[in-house]
Amino acid sequence: MFSEKLCFRCQFTGEKFGQVEKTELDAHFENLLSRADSTKNWTEKIFRQTEVLLQPNPSSRIEEFLYEKLDRTVPSRPNNEELLGHYMQDAAKDFGPGTPYGSTLIKVGDCERRLGSVQREFLQTSAIGFLTPLRNFLEGDWRTISKERRLLENRRLDLDSCKARLKKAKLAESKAAAVPDFQETRPRNYVLSASASAAEHELRLAQTEFDRQAEVTRLLLEGISSTHVNHLRCLHEFVEAQTAYYKQCHLHMQDLQKELDRFPNAFAGNPGHSMASGGSSPLDPASAVETDTLKIEEVQAPATGTRKAKVLYDYDAADTSELSLLADELITVYTVPGMDSDWLVGERGNQKGKVPVTYLELLS
């Protein structure tokens, strides 16, 4: 065994320095090897990133990995959506479930808990239908392929070593025939011929072993095509699971919007503005002060109370009552009685119009 390992090592070292010949595999076999390596590398990357997608918390991933290796069930814990829903509903009990804020917290919290349940089902489906097949390939099929490839490499080193020994024996035999020694010709030639015959026999055995191992490895490598087909099916199932997950989330959010729309008292602190019913946001032009009660062109700047403001973001005026803004410019702003608190009157030279407060940084 020691001499065999030493022989392999000498053969490998000689190949690295270009001192001995190396048996080359055919182009088809090399393509199979390259395709297999590519499949392994990309499958590993897709598997790892899918794990990150399904479980962004690295500590939780490590914990799940340890439980899996110990063949133990991972403890069931609430996910982020379920935990948020739980906190919202507990807060509603404290604030009063009969208050607008409390009743809304109950409804939103219940929706968050349903979203968490949908997510849990999606994670389980994806883990079984997509992650598990990828893991089985990496930990099963690929390990078998790697083992057989290493064995093939040993067979090739053995074959090349036998070729080198035969070449050396033939060379010694030819030299002896070219320079005969009349006193010791017969015994020396007999020994050299026997050595060459033994080398030829070892070479035939090594070639047989190499060919047999090459066929086994080739069949495994050709099985990569079946692996691609299987992974393609799993990928379709993963997409279907994602589609169902996002569809259910969308439906739950739509139901929540409709439910909140039936309870406008939940928005008593901001009457007339319901995001759930598709209403205007504070920055929506429709939420600004009504033009029939306040005409911007008739507004005059007060003697006191004007301030300078720096524009934080670009803003395009929705109508003639508003003033378009450019980021980083300075304008004069002030408020007038009856104007919505989310808006100010802004002036830039001879231009005047309503501007949203959230787009401004008021300067002292």
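This is a predicted model: local features need pLDDT of at least 70, side-chain atom pairs count only at pLDDT 80 or more; totals for chains, interfaces and linings use all residues.
**Entry 1, a charge over a ring.** I started with lysine 45, which lies over the face of tryptophan 42, 4.7 Å from the ring centre. The rule I used asks for NZ of Lys or CZ of Arg within 6 Å of the ring centre and within 35 degrees of the ring normal.

Residues are numbered from 1 along each chain as its sequence is written, and side-chain values use heavy atoms, with hydrogens and water left out.

I looked up H7, which runs over residues 224-261. Helices here are DSSP runs (H or I, at least four residues), numbered from the N terminus. H7 has 38 residues and spans 55 Å from its first C-alpha to its last, close to the expected 56 Å. That expected span is 1.5 Å times one less than the number of residues.

Which residues of H7 are buried? I found a list that includes Ile224, His231, Phe238, Tyr245 and Leu260. Buried means under 20% relative accessible area, exposed means over 50%, and partly exposed is in between (1.4 Å probe, protein chains only).

Together with Leu235 and Val239, Leu232 forms a nonpolar patch on the surface, with about 250 Å² of accessible area. For patches, residues need over 30% relative accessible area and no salt bridge; like charges are joined within 9 Å, and nonpolar side chains (Val, Leu, Ile, Met, Phe, Trp, Tyr) within 5 Å. The areas come from the Shrake-Rupley method with a 1.4 Å probe; for residues, only the protein chains shown count as cover.

My search of the whole structure gave nine aromatic pairs. Phenylalanine 122 and tyrosine 245 are stacked, at 4.7 Å centre to centre with 10° between the planes. Rings of Phe, Tyr and Trp (its six-membered ring) pair if their centres lie within 6.5 Å; planes under 30 degrees apart are stacked, over 60 edge-to-face, and the rest tilted. Phenylalanine 122 is buried at 9%, and tyrosine 245 is buried at 12%.

I then checked phenylalanine 130 and phenylalanine 238: their ring centres are 4.7 Å apart and their planes at 15°, so this pair is stacked. Phenylalanine 130 is in H5 and phenylalanine 238 in H7, so the pair ties together parts 108 residues apart in sequence. Both phenylalanines are buried. I also noted one aromatic cluster, made of Phe122, Phe130, Phe238, Tyr245 and Tyr246.

How many salt bridges does a search of the whole structure find? I got 16. Each is a side-chain nitrogen of Lys or Arg within 4 Å of a carboxyl oxygen of Asp or Glu.

Glutamate 202 bridges to arginine 165, with the closest N and O atoms 3.1 Å apart. Glutamate 202 sits in helix H6 (residues 185-222) and arginine 165 in H5, 37 residues apart. In H7, glutamate 237 meets arginine 233 at 3.0 Å, N to O; they are four residues apart, about one turn of the helix. Glutamate 237 is partly exposed at 34%, and arginine 233 is partly exposed at 44%.

Definitions and conventions
Helices (H or I, at least four residues) and strands (E, at least two) are DSSP runs, numbered from the N terminus.
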